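Good morning, everyone. Please have a look at the model on the screen, and I will walk you through it.

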Amino acid sequence: MKPFRKNVLAVAVGFALSGFPALSSAATDPDLKALREEIAQMKQAYEQRIDALEKRLSQAETATNEKTARAEAKADQAQAVAQQLAAQPPAAQPTQSNAFNPEISMILQGAYNNLKQDPNAYQITGFVPTLGDVGPGTRGFSLGESELTISANIDPDWRGTAIASLKPEGGVAMENAFFQSLGLGNGLSVKGGRFFSGIGYMNEQHAHAWDFTDAPLAYKAFLGGQLGDDGVQIKWLAPTNMLLEFGAEAGRGRAFPGANDNKNGVSQGTVFAHLGDDIDVSNAWRIGVSLLRSSPDNRAYNDVSSTGAAVSDSFNGKSRLWIADGIWKWAPEGNSTVTNFKLQGEYFQRKEDGTLSSNSLAGICAGACVNGYDSEQSGWYLQGVYQFMPHWRFGLRHDALSYGTVNIGLVNSGFLNAADFPLLAAHDPKRNTAMLDYSPSEFTRFRLQWAHDNSGIGATDNQLFLQYIFSLGTHGAHSF
Amino acid sequence: MKRLFLLLFSLFSLAAHADLKVFATVPEWGALASVIGGKHVDVFTATGGLQDPHHVEAKPSLIARARNADMIVATGAELEVGWLPVVLRNSGNPHVQPGQPGYFEAAPHVRMLEVPTRLDRADGDVHAGGNPHIQTDPRNYLKIGEALATRLGQLDAANANEYQANFRNFAERWKMAIAKWEAAAAPLRGAHVVTQHKAFPYLYDWLGIVEVGTLEPKPGVEPSVSYLGEVVADVETKKPRMVIRAAWNSSRPTEWFSEHAHVPAVTLPFTVGGSDQAKDLFGLFDDTVAQLLKAIK
């Protein structure tokens, strides 16, 4: 405060002096001169300070203006954002820790079956039993398998799927559990684990997606219902505008036609190719050819000998199955909701070559008698399903298996009789099926099916099925 | 064998030098991609103009096209949930999987209507993201087109400027067209209508049309006779001026309603190719507005 007052005084004096130039110029006293110099210096110093102050003031003013401008801009922005918000979808839900839960869905199935023949005695005579679940089901009301599907992308490169089949009698079977690549590039994809093989047309479909209650006889006889091995699959899609796909699989031979071999390496493998395209917007088709090779070790099944004794027969050797398949779908203008038609057929041809042993005369052969065995058998089915009005479909299916040639060394050598292998007796099974189903929504289906089945020799069966299929949970996408 | 390799090689090299291959799920995005992409894109449209976009099969031809695509242009909002995931998973093409730059969805770029507050299949065919039929409001094409031009430029940087220029050119013509349609459609403002399937909320939102009823009791659920009777009974109070269906809807419910409620039945093209006049995006809205005006006279 003190220096300031002194300065003010000095400035006042300075101004006073400068205000009287005549007087100042007239002064000659050296003291006065010194004083004037001092005042001039002070004046200069203060002018500098004032300058600085003015500068700071103007700077402050500019800053304020800028701030105002910025505030205005922000307000504008806020308004724009507000407008944008109004135009945008509602804000995202807060992130939840369960947001990454996989897609879950469940299929509920059940049936009422009316079967003329005892389903426990069901057999496809003339064809090696597959030990698979191929019978027509239980008489009366029964719960089908409840299928629980859990799937999700694992990371950007992989997807995982697990499908557990909850058995009505209790217990869980792992139907499928596999990983698959989401595109290795260049049309390549890889799958590994337990999965339905890509052979044929129907093999990859799950039972709830079938157009009839049960599988075609050819699937029952040659694949034990459906082929689902443990192994790996590689597929390559050609860079063409038409679908051209090649695939190969290597597996353990977990189930028929394999025998769950206790050995290293690959016991069962497939190769397949698919070709498909559109004819026009209403018509689409796909054809395929597949080969399945298996080398079962000791594939055993139970039979009854000519004397009525329970026996066990066992096959060792190689099994080779060719499948040719085709599907054509029609939907007017691509709209399948009102009317559509589906025609599908597959042809199977199997060759087996090896040895067949039987323990029916165990005492003579020290455990089991063994001799050569070879067979060449075939089968096919053709089915058409027509949706004649929204929600209602009608379908017909014809199944036929051809016994072909079967050479049993133990019989040919006269060691045993053909009657000792009643399950392999010469027979050409046939079946005709009709079905009507009603699907009130995409997720529900009620089906009435009637079949005239002579799979078993001398035991023609009339089968009536009333079935429901409900799917709940994630909306699954359907394959062609 | 040598020849096969040569053929395959030429196929590969062809693929490497060709334009951007765009796979559009529905005709409207195919048309938009063609306009913005111009001569640098080769557009494949997975569905036809008269096809119900809810029920599409994962056909072999679609898998083959997705395998070779550089970009998928989809609606999103679960419209393609029944088939596109299968097609993409089987395509063996990592560039077009969801989350990749080669996968584009239109719905995230617009304001969604009819977003359900409750997700339950008891409510019929509901979509968690809101009503997916966003292509019936022409204003949406400006936002989607802008995003699409940017994405095309991201995938094909060499032609990015051209995509932007094509979009600006389109946007200018489109804005003028919108003004023209809005002026023409002024008499429709406030008009009450009944719709077969909830396919047009965006159109109604744009033109100020009021939906007073639907023939489907719940989205995707076929109308029953008793429910149709209820809708007809409401005619007295709600006074609809017309009953509207999309080209792919079955004609019977609207015809029945038209006869019983004595209001004209209108078929709207819904997308490019949905009618003879809807040859392109401009034609789509020319015809939509014309059909509506014809009914209100």
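Predicted model: local features only at pLDDT ≥ 70, side-chain atom pairs only at ≥ 80, totals over all residues.

Let's take chain A. It has 480 residues, and 41% of them count as buried. How many helices and strands does chain A have? Six helices and 18 strands. Now look at contacts in chain A with a separation of 6 or more. Of these, 62% are between residues 24 or more positions apart.

Chain A also has a domain assignment. Domain 1 covers 1-55, and domain 2 covers 105-473. How many Å lie between the C-alpha centres of these two domains of chain A? The answer is 114 Å.

One local detail in chain A. Find A:P257, in the loop between β8 (243-251) and β9 of chain A.

Next, the interface between the chains. Here 46 residues of chain A are in contact with 34 residues of chain B. About 3,600 Å² is buried between chain A and chain B. Carbon and sulfur atoms give 56% of that area. Which residues of chain A lose the most area to chain B? They are A:L237, A:P239 and A:N241. Together these three make up 15% of what the chain A side buries.

Now the polar side of that interface. Between chain A and chain B there are 13 residue pairs in polar contact, both residues at pLDDT 80 or more. The count of salt bridges between the two chains is two. One of these salt bridges joins the side chains of A:K329 and B:E57, at 3.0 Å from N to O.

On to chain B. Chain B is also divided into two domains: domain 1 (18-179) and domain 2 (186-296). Their centres, taken over C-alpha atoms, are 25 Å apart. In the contact between them, domain 1 of chain B supplies 33 residues and domain 2 of chain B supplies 25. These two domains bury about 2,500 Å² between them. Of that area, 66% comes from carbon and sulfur atoms.

There are 10 residue pairs in polar contact across this domain interface, both residues at pLDDT 80 or more. Three salt bridges are found across the interface too. And look at B:K198 and B:E114. Their side chains meet in a salt bridge, 3.2 Å from N to O.

Which helices supply at least two residues each to the side of domain 1 that touches domain 2 in chain B? Those are α2 (27-37), α5 (139-155) and α6 (160-184) of chain B. The largest share of that side, five residues, comes from α6(B). By type, this side of domain 1 has 15 nonpolar residues, nine polar and nine charged.

You will find B:T136 in the loop between β4 (103-105) and α5 of chain B. Is B:T136 buried or exposed? B:T136 counts as buried, because its relative accessible area is 5%, and the cut-off is under 20%. A polar atom of the B:T136 side chain lies 3.3 Å from the backbone nitrogen of B:L203. Beyond its neighbours within four places in sequence, the contacts of B:T136 include B:W206, B:F270 and B:F285.

That brings us to B:F270 itself. B:F270 sits in the loop between β8 and α11 (281-296) of chain B. Phi of B:F270 is near 70°, a positive value in a residue other than glycine. B:F270 is buried, with a relative accessible area of 5%.

Last stop, B:H262. It has a positive phi as well, near 55°. Its loop runs between α10 (252-261) and β8 (265-268) of chain B. Is B:H262 buried or exposed? B:H262 is exposed, because its relative accessible area is 70%, and the cut-off is over 50%.

That is my tour. Thank you.

Technical notes:
Residues numbered from 1 in each chain as written. Chains lettered and ligands numbered in written order. Heavy atoms only, no water. Contact = heavy atoms within 4.5 Å. Buried area = accessible area lost by both parts, 1.4 Å probe. Salt bridge = Lys/Arg side-chain N within 4 Å of Asp/Glu carboxyl O. Polar contact = N/O pair within 3.5 Å; in protein donor to acceptor, adjacent residues only side chain to side chain. Domains from an automatic or database assignment. Helix = DSSP H or I, 4+ residues; strand = E, 2+ residues; numbered from the N terminus. Nonpolar A, V, L, I, M, F, W, Y, C, P; charged D, E, K, R; others polar. Buried < 20%, exposed > 50% of the residue type's maximum accessible area, 1.4 Å probe, protein only.
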